[in-house]
Amino acid sequence: MKTFLKTILIDADYQPVRLLALLRKVQAQYRHIPAAAIDILAEALQIPRAQIIAVVEFYSFLHLTPQGRYDILISDSITDHMLDKENILGYLSSMLKVDVGEVRADGLVSLNNTSCTGMCDQGPAGLVNGLPLTRLDRPRIDEIAALIEQQRDISDWPAYLFAVEDNLHKAGLLLNAPIEKGAAIQAALDRGLEATLAELDRSGLRGRGGAGFKTAAKWRFCAEESAERHYVVCNADEGEPGTFKDRVLLNMHADQVFEGMTLAAAIIGAKQGFLYLRGEYLHLYDKLQAVLEQRRATGLLGDNILGRGLEFDIEICLGAGAYICGEESALIESLEGKPGIPRNRPPYPVTSGYLNQPTIVNNVETFLAAAKIAVLGGDWFAGFGTEKSAGSKILSICGDCARPGIYEYPFGIAIEQILHDCGATDVLGVQIGGPSGTFISNQEFKRQLAFEDLATGGSFIVFNNSRNVLDIAQNFTHFFAHESCGFCTPCRVGTSLLKKQLDKIIDGHGSAGDVAELESLCQLVKNYSHCGLGQTAANPILTTLQRYPDLYQNRLKNISYEPGFDLDGALEIARRMARRNDAGAHLSQVEE
Amino acid sequence: MTGTIDIDGQSIPFEDGQTIIEAATAAGVYIPHLCHRPGYTPHGSCKLCTVKVNGRNCSACTFPATDGQTVINNSDELEQDRRRITQMLFVEGNHMCPSCEKSGNCQLQGVAYHLNMLDNHYPHFYPRREMDASHPDILIDHNRCIFCNLCVRASKEKDGKNVFGIAGRGINKRLIVNSPSGQLKDSNMSIEDCAAHICPTGAILIKRTGYQVPIGQRIYDQKHISEVALAQENAHGQD
């Protein structure tokens, strides 16, 4: 172990900021983070062991106890559920003879759920030792189970099990013609950096992660900060359930994304950039490294880019299973090798970001768009979309439709047009922007996709009339409780209380007042939480409660009060101790 | 930058770099809080000090005062919501005031009195949490930890030791001890440490001192937490 750790520590240059990357390697090697490794890392990096344990416990893909040699995680996204995930998981569990959440006694295999893996257009999906499994069905599971029992190395498994399709169905102004390599940097340097920033401003480009902050303004704020170093960060921690467009953009157009980052670096004066890639997209890592290597070889990265004296390089950092790291300040914490806990603001990252230096964090799609704007100019981009939402939006469409995949539309497009294009019929509603967004009913399909109406980071999940609105809200509510970082009281406790209260109603234990209580809890979590996760965690309940109040009310019992727990069940221990099971040892849940 | 902010109609001066809670405290205005303590890096996690700044909810302990801000600290809505947040802290852990030796000296309890909290409102989580009685002088009862991070900050910033850390995620957060066994006895914690005396609840206690002052004669039995906090925190400012 000492030799292995020494090798990876040398690779990491003994930098504590690389702790997460180191722990990923230890996990891959030993299937957990052994106590001995924690001791060695603590001493080598000169950080407290408690800090290392805090990081291990924060990220879902790191473990203090050994996982199976084949560690299988099945995506728990609503879209996987709609593709019969529960059944698939049960079958997998029976074939592999291991319970969900357990490691088999012989240590060969472990099985668990995980948050959305970004394969919603080709689910049910999962991960084996970090690599994606798609389109899982019984024959595939039979094959996987056989491969595991034969202890075949994953590199020998048939490639089709890991096939990830792009499923690009509709290309718009960005996807129809990528720029030539180097064209954006060339155009920006020829035009002048200040003039290029003015073009970006004129384009009206707003952040594509969903929040919609003006990109040019962010870059300008950052550029104006005087500091020793500036940093460019590309947020590819695409964790919003139902979103997978960044996966496709990085697979198809990584060059243009890196070019956008290089453009940003030139404008803000950064020499170092990071691509923060969610752990679920490990399969893209080698390919992206090769793209970076090629850009270095062709003078598009390095210390004299295009021979014009520009210095910039990009490092890829992998996440390890934490939705919260999509929040920009949590992402920066994670880049620094810490748990992804959102920072207090102000100061904002443009003033004090990575290592407290001015930093811009932008979405993959934002960099993709910025690169093309640098070539074609601001007016070109502003010519598409609406007045307040210039350009196009790239959507990940999944759920109940004939053709799930990637669609690019100019902003302002009506929902009904999108539904038509993707082949959705008999639609009950659409979740726009993922669980943190809005559920719209089939009475609202004239509404438009735009920051001024329905904003989205790209998730677009279609539900047909066979689906149950409460099941959807429940899946999303459980997701947020699982992903809450736990920093602030309203989100740490509140998201778990929301889960309890919603489960109580859905399980038929709710009574008068319970829906009102649920709603007031939603408002509390929304209004008092520290960051966007908590502030949007109640949206699945709030947006469905607003549209379908009867669905909630109908689950309530027609009594004035009922205990929030199973009264008779709670007496079970007492019955066992008293060795009684007569009628007098039971209590009815309510007085009839 | 200096100037004034308006808190509930009262004009309050501030100095450059002060947060809203610091300006308020100096002016004798109490804003309920648990994770804040003068002299420590602001944390902003308990959210009890949430105030409305120009219409927007902000944590008074981390938000900088700037000239002309209109701050609402006392309103029925804030009082109700702060009470709910306090109730969340009560149901998350296992807080049994009548049998807790910190009763009467506990800030969580003191804030609950201040907010007129009469029940727990939410269903209890009843988590199973451990006690660590391994240290000769100091006891950790994890049942009462509210993750305010004060002991972590005290040990790091005041004692230079890093005895504590917060691990886990979401509702599974837990206070951990930086020692090979994970037990306090194997850390370099000592009774003189700031971290041994900073806990606002009864999660970190000094052994053999619990009942030296009888219940009924303790801090918050005698005085309102707002009065105690303002006096202590302004005394600290004059150090």
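Predicted model: local features only at pLDDT ≥ 70, side-chain atom pairs only at ≥ 80, totals over all residues.
## The interface of chain A and chain B

Chain A contributes 37 residues to the contact, and chain B contributes 41 residues. The size of an interface is often given as the accessible area lost when the parts come together. Here the area buried between the two chains is about 3,200 Å². Carbon and sulfur atoms give 58% of that area. On the side of chain A, Arg492(A), Leu524(A) and Tyr528(A) supply 21% of the area that chain A buries against chain B, more than any other three residues.

Between chain A and chain B, 22 residue pairs are in polar contact, counting pairs with both residues at pLDDT 80 or more. The rule also finds 3 salt bridges across this interface. A salt bridge joins the side chains of Arg492(A) and Glu92(B), with an N to O distance of 2.6 Å.

## Where the chain A side comes from

Four helices of chain A each supply at least two residues of the side that touches chain B: H4 (49–58), H17 (469–483), H18 (489–506) and H19 (514–528). The largest share, 8 residues, comes from H18(A). Sorted by class, this side of chain A has 19 nonpolar, 11 polar and 7 charged residues.

## The fold of chain B

Chain B has 6 helices and 10 strands. Its radius of gyration is 18 Å, close to the 18 Å that the globule rule gives for 239 residues, so chain B is as compact as a globular protein of that length. Along its principal axes, the C-alpha trace of chain B spans about 50 × 40 × 40 Å.

Of the 239 residues of chain B, 56% count as buried. Among contacts in chain B with a separation of 6 or more, 63% are between residues 24 or more positions apart.

## Gly118 in chain A

Gly118(A) lies in the loop between strand E3 (109–114) and strand E4 (126–128) of chain A.

Apart from neighbours within four places in sequence, Gly118(A) is in contact with Thr243(A), Phe244(A), Arg247(A), Arg278(A) and Tyr281(A). Phe384(A) is 266 residues from Gly118(A) in sequence, and the two are 28 Å apart in space, C-alpha to C-alpha.

Key: Residues numbered from 1 in each chain as written. Chains lettered and ligands numbered in written order. Heavy atoms only, no water. Contact = heavy atoms within 4.5 Å. Buried area = accessible area lost by both parts, 1.4 Å probe. Salt bridge = Lys/Arg side-chain N within 4 Å of Asp/Glu carboxyl O. Polar contact = N/O pair within 3.5 Å; in protein donor to acceptor, adjacent residues only side chain to side chain. Nonpolar A, V, L, I, M, F, W, Y, C, P; charged D, E, K, R; others polar. Rg over C-alpha atoms; globule rule 2.2 N^0.38 Å. Buried < 20%, exposed > 50% of the residue type's maximum accessible area, 1.4 Å probe, protein only.
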